[in-house]
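Please examine the sequence and the structure before reading the solutions.

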Amino acid sequence: MTETVAREVGRARPRKEDAHLLTGQTSWTDNITASGLLHIALLRSPMAHARLTRVDVSPALERPGVVAAFSGADLADGLSSMPCVWPVTEDIVMPDHPPLAVDEVRHAGDPVAVVVARDRYAAADALEAIEVDYDPLPPVLDLESALADGSPLVHSDKGTNRCYTWPLKTGEDFDAVRARAEVSVRRRYHQQRLIPNAMEPRAVVVTPVAASGEYTLYSSTQIPHILRVLLAMVTGIPEHKLRVIAPDVGGGFGSKLQVYAEEALALAVARRLGRPVKWTESRSEGFLTTHHGRGMIQDIEIAAKSDGTLLGLKVDLLADMGAYLMLITPGIPLLGAFMYPGIYKMDAYDFTCTGVFTNRTPTDAYRGAGRPEATFAIERTMDELAAELGMDPVELRRRNWIRHEEFPYTAIAGLTYDSGNYEAATARALELFDYDKLRAEQADRNARGDTVRLGIGVSTYTEMCGLAPSRILRDLRYAAGGWEAATVRVLPTGKVEVVTGTSPHGQGHVTCWSQIAADVLGVPFEDVEVVHGDTKAAPQGMDTYGSRSLVVGGLAVHHAANKVVDKARKVAAHLLEASEQDLEFTGGVFSVKGSPEARRTLQEIAFETFSSHDLPDGMEPTINAEHVLDPDTFSYPHGTHLCAVEVDTETGQSRIRSYVSVDDVGKVINPMIVEGQVHGGLAQGIAQALFEEAVYDDEGNLLSGTMADYLVPSAADLPEFVTDRTETPATSNALGVKGVGEAGTIASTPAVVNAIVDALRPLGVQDVPMPCTPERVWRALRSAQEARS
Amino acid sequence: MIPPAFDYARPGSIEEAVRALADGGEDAKVLAGGQSLLPLLRMRLAFPELVVDVGRVPGLSGVREDGDTLVIGAMTTHHDVIHDPLVRRHAGLLAAATATVADPAVRHRGTLGGSLAHADPAGDLPAVVLALDAELVAQGPGGRRVIPAREFFVDYLQSALAPDELLTEVRVPKADGWGFHYEKFHRVAQSWAIVGVAALVRRDDGHIAEARVALTNMGATPLRAHAAEEALAGAGDAEAVARAAQEAADGTHPAQDTSASPEYRAHLARVLTGRAVLTAAGMG
Amino acid sequence: MTHITVKVDGTTYEDKVEPRLLLVHYLRDRLGLTGTPVGCDTSNCGACTVDLDGTSVKSCSVLAVQADGGEVTTVQGLAPDGELTRLQRAFHEGHALQCGYCTPGMIMAARDLLRENPHPTAEEVRLGLEGNLCRCTGYQNIVRAVLAASEQEVTA
């Protein structure tokens, strides 16, 4: 008798995570309560840059329901500077970053005082009673003039606004290559500041046990493990006395890959008062204090032969750090540094990034982190080069990309791409898009002088995912490693617990890790539980960001489950009186080759191990196993996206007519979840192209300070996407997986902007800055018209 | 996210409401559907000492006919305005424009009277009642007062209502036989109009006999585009309409904000006026 | 303090509340009905959408005192005996949620949409959900799920 086992990996399993989310039985951090819970509210600077000459919290104490109030000076003892763990160069400028401002505020929203009250209403009221005197200082807002001599300084003690300059030069000398180039194109692009906008605002709850000095911190975070280590360092609470729990977390997109002042302050206040405390941001408060993304000026130059063959690439970046260095602020541009050459072959690459302090909210990771910026710059510039050469943009890419048979290929920036098939993904995308037909319609509209023009945008990409090999992180001066941990436990009744160090916030790890473990162990999907997000229950982890969870954490689950099978095999061999080599393991059953009636299920072995009455001599009575995986290399998803946009030249309004993405993320655990990740990524990338921007005025006030002004698109503002996949398995890991969390965001922004520019190029437009608002399109058209006449 | 504290009155009649407002003076605010007031309170942009909730006052909602006029209770919700058969038949412009206000949940609570009394020039409905030559009826301690729409919107967020007056009804002349269109231009579906154009057109023998054009968000108050209206009279084809629409921004003073410059708003007013009129006239 | 009586998810509550108390805070902080979350402070996100007397409302934009005498249904009251509604099932089967934070509001808004327009087009679904923001899904699976739920009703 043979058992057929349905493979879990590759199945579109509806998620285990959904039931409680669909019925409101959630545990968002703001839902958590405790007896005697107090609410924290923070008074924040209304000014971008000022000296604090007086902070008097005493009037707040008079307000009803107020238990305590603190200034920065009151809490300075016992709290060190907020951490930055990525000092990208030896001589990087690392300013002090007190969790609560003491003598100077450096961005609108910088916190200056804390009140603690019986409920959130009393806390909000008491803020109005606090008296603060600000002595205004000139704000630093422009990246270029910030570097000029005589500029006002964000951190006057540092003597400069330059945070660091980080170079990467590979291959031939760029100037030499440009000298022999027949054509070169130089452009400047602005990556506007973005506000990540996870739907759950940040929140933190701390419950202390004063007698034992133990603290439990609940936070809406992507990184409970990293948070525990660093908050222990910031607050001095011994690490083993601090438990961090990431309960249900409502999205992150990088914004919760952070150690925030409010987390440290909540611990400090709970320690001071011996009472549980809660802080929850309002959305508008979060706009000022939850880190922003992007914020770069990109100067890019590409040199090529007249047949389109690329020769070299030069990139100069100015990256807006904001007022302070947050967890990995300086490193974000470096995650893109290796990606500017994209999927193309060339002989020279010259990259420099300068980080600059400004009096704005600090920047840090936002979905894609460095790689969307890189992909945007190269893919926009490829279109410009194609226009210069009079060549079809798809054809230009085809001439330069790494061919399928050339993998593994060490690209110019030094990374070895293990696998890829750019031809296949592009061919599929063109087919789904009906490229030739749309080009014909475009030509027709142009010929007619239609007021509504059609543009076609193409974008290819690859990205480095699966952060990260620890030794590479060392070389990049990142302070921690890039491994991930998993434990697989088979309980006495045969049910399985998978403990993972990744910390999901919407991705579906519970479902996918269950699928992986079920396949290896041959147990039903339903019999697997996944434990995560609590440093007591899942003590070891590096958490979730950078499309790493599956490629590092999911793989660790796979390896740990295989270790369980190896151990169980020893027990099975002993019980069946056979040698291990003579055992087969399928569908969760060990059987002796040739005598299928001699069999033991994994569940039976788990119980035998539990009783331990008859284990092999000297064997530890457990089949549970853990695996900590440090990846050898990155993984390299890739894809081709095509976008058709109709641009109303009278109003400047752009409307996406069709969007096709074909992504290659290697082997797929759950295609439904992969598709969902792509959809969400596309929405965010399109939003950067068309809608979103953190706008500041000349004094450093955030003008787009609420969701009414910062335009997060709704269902009515986005098109139906056509998505498909090609599948080129990664050769660098046992599952062949590559990661999918950021792909959609990376490719879509340049696809949309390329389409808009493509629509307007016959009218003389070469660029529209992001977001491509109707007014900006209108202005670009008007300038082009003026230039022609 | 936390409103400041206020006293609360829930009058049971118009008279009680007016009395409560009179007692509260300048520091009293009327709570209708709350869809404009609550956002202000949550952001602590308003600090009323007294909130007079007229949600339970009988007789303030519903639509009825009064000869050639539709009488719409101030507390009629946007949702009810959109679906009301009388409004759809006799004031289609109002139904169409109301359907573009905010989103369905807000339209369930928000009221016609509330959004007019709020007098936000970026709101869609002030321009619409201006185009419709509606009248607004206020009740105060001294009795009932009828205010033409063109006198109602005094300044940014400021209506002609006295602090102790309650807007009770909106009287809309039936616009039977008029073509209409509300052209709203915004960057995302939920956002405020960068510019909106409310157009009513009466045609005669293939030509525009009379056009009324009112502009959303082209100044501190909603505005009638008088120059364009005059130029539109007699227009018989798309070209003539487009020519007349060039005068749509005359006399306007649009604001600079994060979504647009005054210059661009003026441009939009001209383009959108042309489109709105063509659609209203069935010439588009 | 104002005395209110509100029926929420089938249970009648009597309370004294400050007039300024938002309905969403009444549900969450007073009644412990934390299934309805708060996602913004400007009425844009719709995460807090509930049903009040038969129509969807944003519970951040209603005072608790305005709900006096009314009947509120939250996402927690949709499946009282554990049997998911067709919309909840469609969201699950069609992967129309990721982090799940917008889901209660999205489901309450979609429920209202289908009540008013039982057989919407994709375009009508998109417009009908314009007041509910999601940052994870790109909306595509949400639109599909609402359409799937509407079709189920046809055959059911």
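Two exercises with worked solutions follow.

The model is predicted, so that local features need pLDDT of at least 70 and side-chain atom pairs count only at pLDDT 80 or more, while totals for chains, interfaces and linings use all residues. Residues are numbered from 1 along each chain as its sequence is written, and chains are lettered from A and ligands numbered from 1 in the order in which they are written.

**Exercise 1.** Describe the side of chain C that touches chain B.

Step 1. The contact involves 25 residues of chain C and 24 residues of chain B; two residues are in contact if their C-beta atoms, placed from the backbone, lie within 7 Å.

Step 2. At least two residues each come from strand E4 (55-58), helix H3 (103-116) and helix H4 (122-128) of chain C. Helices (H or I, at least four residues) and strands (E, at least two) are DSSP runs, numbered from the N terminus.

Step 3. E4(C) provides the largest share, four residues.

**Exercise 2.** Determine which residues of helix H2 (residues 86-93) of chain C are buried, and where they lie around the axis.

Step 1. C:Leu87, C:Gln88, C:Ala90 and C:Phe91 are buried, that is, 20 or more other C-beta atoms lie within 10 Å of their own, with C-beta atoms placed from the backbone.

Step 2. These residues are on the same side of H2(C) because they cover an arc of only 160 degrees around the axis; the arc is that of the directions from the helix axis to the C-beta atoms.

Step 3. After H2(C) comes C:His95, with a positive phi near 50 degrees.

Conventions:
Buried ≥ 20, exposed ≤ 12 C-beta atoms within 10 Å, placed from the backbone.
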